[in-house]
Structures are given as C-alpha cells and as structure tokens.
Amino acid sequence: QVQVVESGGGLVQAGGSLRLSCAASGGTFSSYVMGWFRQAPGKEREFVAAISRGGSIVYYGDSVKGRFTISRDNAKNTVWLQMNSLKPEDTAVYYCNAVPTVTTTRPLWSWGQGTQVTVSS
C-alpha cells in the first residue's frame with residue numbers, strides 16, 4: 001500500500017502563492033498518474049490537477065487553470081502543486097492521490113492527512 005504525506009500548506013493573503021508537496025512511499029511512484037484534490041468545509045472533495053507518469057501531460061480543473069501548476073520528480077517520489085494568484089475560494093484541505101488517467105480522476109489509494117491551505121481576503 002502506497003502512503004503519501006502532503007505538506008506545504010499555510011495561511012496566505014489573496015494574490016499570494018504556495019507550493020504544496022506530496023511525498024510517496026511504499027510503491028513504484030513512477031508507475032502512477034498522480035493528482036491533487038481539495039475539500040473545503042461543507043463541500044465535497046473536488047479534483048484540482050493531474051499529471052501523467054512521465055510528467056509530460058497535465059490536466060487541471062476549471063477553477064484553477066492558469067493559476068496552478070502540477071509537476072513531479074520520480075527520482076524523489078514527489079509531486080508538487082504550485083499555486084499562484086490564490087483566492088479565498090481556494091481555501092481547503094489539499095490531498096494527493098493516484099488516479100487511473102489524467103482525465104479519469106477517481107482516486108486509487110486511501111487518503112493521506114492532507115495539508116490545510118487558508119487564503120485570507
């Protein structure tokens with residue numbers, strides 16, 4: 001069973017930036033398409049971004065296109081989410097998980113603890 005640990009969240013003002021990290025262990029990281037998800041209070045978890053096994057194909061949810069960038073380093077078993085131009089509506093707990101394809105955003109693993117992102121107005 002692959003385990004993930006998300007980090008990098010925090011409190012930031014609107015318009016600011018954060019970079020989230022997701023470190024995976026216990027499996028062959030490079031064989032998985034990876035995705036980021038988020039869940040705001042009282043809302044369902046939603047898809048944010050996904051990246052192919054080699055990193056050449058990325059896919060974003062409509063609400064973050066042009067502001068967020070997903071990347072990965074298979075040698076480090078890590079996937080990142082660079083978040084720019086943050087908005088208060090980006091406030092949520094952010095999670096990473098494996099997905100079947102970049103456009104099939106069904107999570108494959110158990111969820112990690114996530115990392116809290118809070119954007120103040």
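The structure described here is a predicted model, in which local features need pLDDT of at least 70 and side-chain atom pairs count only at pLDDT 80 or more, while totals for chains, interfaces and linings use all residues. Residues are numbered from 1 along each chain as its sequence is written, and side-chain values use heavy atoms, with hydrogens and water left out.

We can begin with the overall fold. The chain contains 0 helices and 10 strands, where helices (H or I, at least four residues) and strands (E, at least two) are DSSP runs numbered from the N terminus. Read from that end, the order of elements is β-β-β-β-β-β-β-β-β-β. The radius of gyration is 13 Å, close to the 14 Å that the globule rule gives for 121 residues, so the chain is as compact as a globular protein of that length. Here the radius is taken over C-alpha atoms, and the rule is 2.2 Å times the number of residues to the power 0.38. Along its principal axes, the C-alpha trace spans about 40 × 25 × 25 Å.

Of the 121 residues, 45% count as buried; buried means under 20% relative accessible area, exposed means over 50%, and partly exposed lies in between (1.4 Å probe, protein chains only). The chain exposes about 6,000 Å², and carbon and sulfur atoms supply 47% of that area. These areas come from the Shrake-Rupley method with a 1.4 Å probe, and for residues only the protein chains shown count as cover. Among contacts (heavy atoms within 4.5 Å) between residues at least 6 apart in sequence, 55% join residues at least 24 apart.

A disulfide is a covalent bond between the sulfur atoms of two cysteines. A search of the whole structure finds 1 disulfide, the term being applied to a pair of cysteine sulfur atoms within 2.5 Å. This disulfide joins C22 to C96, with an S to S distance of 1.8 Å. The link of C22 and C96 is right-handed, with 55° about the S-S bond. Because C22 lies in strand β3 (residues 18–25) and C96 in strand β9 (residues 92–99), the pair ties together parts that are 74 residues apart in sequence. C22 counts as buried, at 0% relative accessibility, and C96 counts as buried too, at 0%.

In strand β8, L81 is buried, with a relative accessible area of 0%. Leaving aside neighbours within four places in sequence, L81 is in contact with L18, R19, L20, W36, V48, A49, F68, T69, I70 and Y94.

S71 belongs to strand β7 and counts as partly exposed at 27% relative accessibility. Beyond its neighbours within four places in sequence, S71 contacts I51, V79 and W80. S71 and G35 are 36 residues apart in sequence, and 9.9 Å apart in space from C-alpha to C-alpha.

Q3, in strand β1 (residues 3–7), is exposed, with a relative accessible area of 55%. Not counting residues up to four places away in sequence, Q3 touches A23, A24 and S25. The C-alpha atoms of Q3 and S121, which are 118 residues apart along the chain, are separated by 34 Å.

N77 has a positive phi of about 50° although it is not a glycine. This residue, N77, sits in the loop between β7 (68–73) and β8 (78–83), and counts as partly exposed at 26% relative accessibility. S85, another residue other than glycine, has a positive phi near 50°. The loop between β8 and β9 holds S85, which counts as partly exposed at 42% relative accessibility.
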